[in-house]
Amino acid sequence: METRTCPCCERDCPQDWMQKHHLKTRRVDKALTEWLCKDCHRQIHALFSIKELRKREDLNTLEGLMAQEPFVQAVRFIRTRTPGTRIRTFTSNRVTRQRSRLDYIQK
Ligand SMILES: [Zn+2]
Ligand SMILES: [Zn+2]
């Protein structure tokens, strides 16, 4: 099967384990996507809300994301796992709070 290398964890992953992450979502003309493995991608969204990702310039680039200490720590762990195995994500308190607020609204 065709594989791609995730730019975050640098693991070679099967194509179906890769997802597109939008680095720039606000300005359509500068829309930039990056293929990330499912684990790194899920981890980014567990740590940062969509709002934060849009608002914060430092989260708009791969380099910027790789400078975020909680993400770096998670990637260090992801690197030790085989692509395709279930990995626990570390959700930030901010995202957890936002999610519980959403649950509340939906109820
Ligand atoms: Zn990855
Ligand atoms: Zn994404």
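Trainee: Among contacts in the chain between residues at least 6 apart in sequence, what percentage join residues at least 24 apart?

Mentor: Keep in mind that this is a predicted model. Take the contacts whose partners are at least 6 apart in sequence, then keep those whose partners are at least 24 apart. The share is 52%.

Trainee: How many helices and strands does the chain have, and in what pattern do they follow along the sequence?

Mentor: The secondary structure comes to 5 helices and 4 strands. Now read along the sequence. The pattern is β-β-β-β-α-α-α-α-α.

Trainee: What share of the residues in the chain is buried?

Mentor: A residue needs 20 or more other C-beta atoms within 10 Å to be buried. The chain has 107 residues. The buried share is 21%.

Trainee: Which residues have the most contacts inside the largest nonpolar core?

Mentor: In soluble globular proteins, nonpolar side chains tend to be buried together. Here the largest nonpolar core has 18 residues. Those with the most contacts inside it are Cys6, Cys9, Cys37, Cys40 and Val75.

Trainee: Which element gives the most to this core?

Mentor: Look at the elements that give two or more residues: strand E4 (32–37), H1 and helix H4 (69–78). One of them gives 4 residues, the most to this core. That element is H4.

Trainee: Leaving aside its neighbours within four places in sequence, which residues is Cys40 in contact with?

Mentor: Cys40 is a buried residue of helix H1. Set aside the neighbours within four places in sequence. The contacts left are Cys6, Cys8, Cys9, Val75 and Ile78.

Trainee: Are the buried residues of H1 on the same side or on opposite sides?

Mentor: Helix H1 spans residues 38–47, and its buried residues are Asp39, Cys40, Gln43, Ile44 and Leu47. They cover an arc of only 135° around the axis. So they sit on the same side of H1.

Trainee: In H4, what arc do the buried residues fall within?

Mentor: The buried residues of H4 are Phe71, Ala74, Val75 and Ile78. Seen down the axis, they line one face of the helix, because their arc is limited. That arc is 100°.

Trainee: Which exposed residues does the face of H4 turned away from its buried side carry?

Mentor: The buried residues of H4 pack against H1 and H3. Now turn to the face away from that buried side. The exposed residues there are Glu69, Val72, Gln73 and Arg76.

Trainee: Is H1 roughly parallel or roughly antiparallel to H4?

Mentor: Asp39, Cys40, Gln43, Ile44 and Leu47 in H1 meet Pro70, Phe71, Ala74, Val75 and Ile78 in H4. The two helices pack at an angle of about 150°, with their axes 10 Å apart. Angles over 145 degrees count as roughly antiparallel. So H1 and H4 are roughly antiparallel.

Trainee: Is the crossing of H1 and H4 left-handed or right-handed?

Mentor: The angle between H1 and H4 is about 150°. The crossing is right-handed.

Trainee: What separates the C-alpha atoms of Leu62 and Pro7?

Mentor: Leu62 is in helix H3 (residues 62–65). Leaving aside neighbours within four places in sequence, Leu62 is in contact with Pro7 and Glu34. Leu62 and Pro7 are 55 residues apart along the chain. Their C-alpha atoms are separated by 8.1 Å.

Trainee: Is Ser49 buried or partly exposed?

Mentor: Ser49 lies in the loop between H1 and helix H2 (50–55). Ser49 has 16 other C-beta atoms within 10 Å. A buried residue needs 20 or more, and an exposed one has 12 or fewer. So Ser49 is partly exposed.

Trainee: What is the phi of Glu10?

Mentor: Glu10 lies in the loop between strand E1 (3–5) and strand E2 (12–14). Most residues other than glycine have a negative phi. Glu10 is not a glycine, yet its phi is positive. The value is about 60°.

Methods. Residues numbered from 1 in each chain as written. Chains lettered and ligands numbered in written order. Predicted model: local features only at pLDDT ≥ 70, side-chain atom pairs only at ≥ 80, totals over all residues. Arc of directions from axis to C-beta. Core = buried A, V, L, I, M, F, W, Y, C linked by C-beta atoms within 7 Å. Contact = placed C-beta atoms within 7 Å. Axes fitted to C-alpha atoms, helices over the stretch in contact; angles between N-to-C directions. Parallel < 35°, antiparallel > 145°, perpendicular 65-115°, else oblique. Left-handed = near helix turned anticlockwise from the far one by under 90°.
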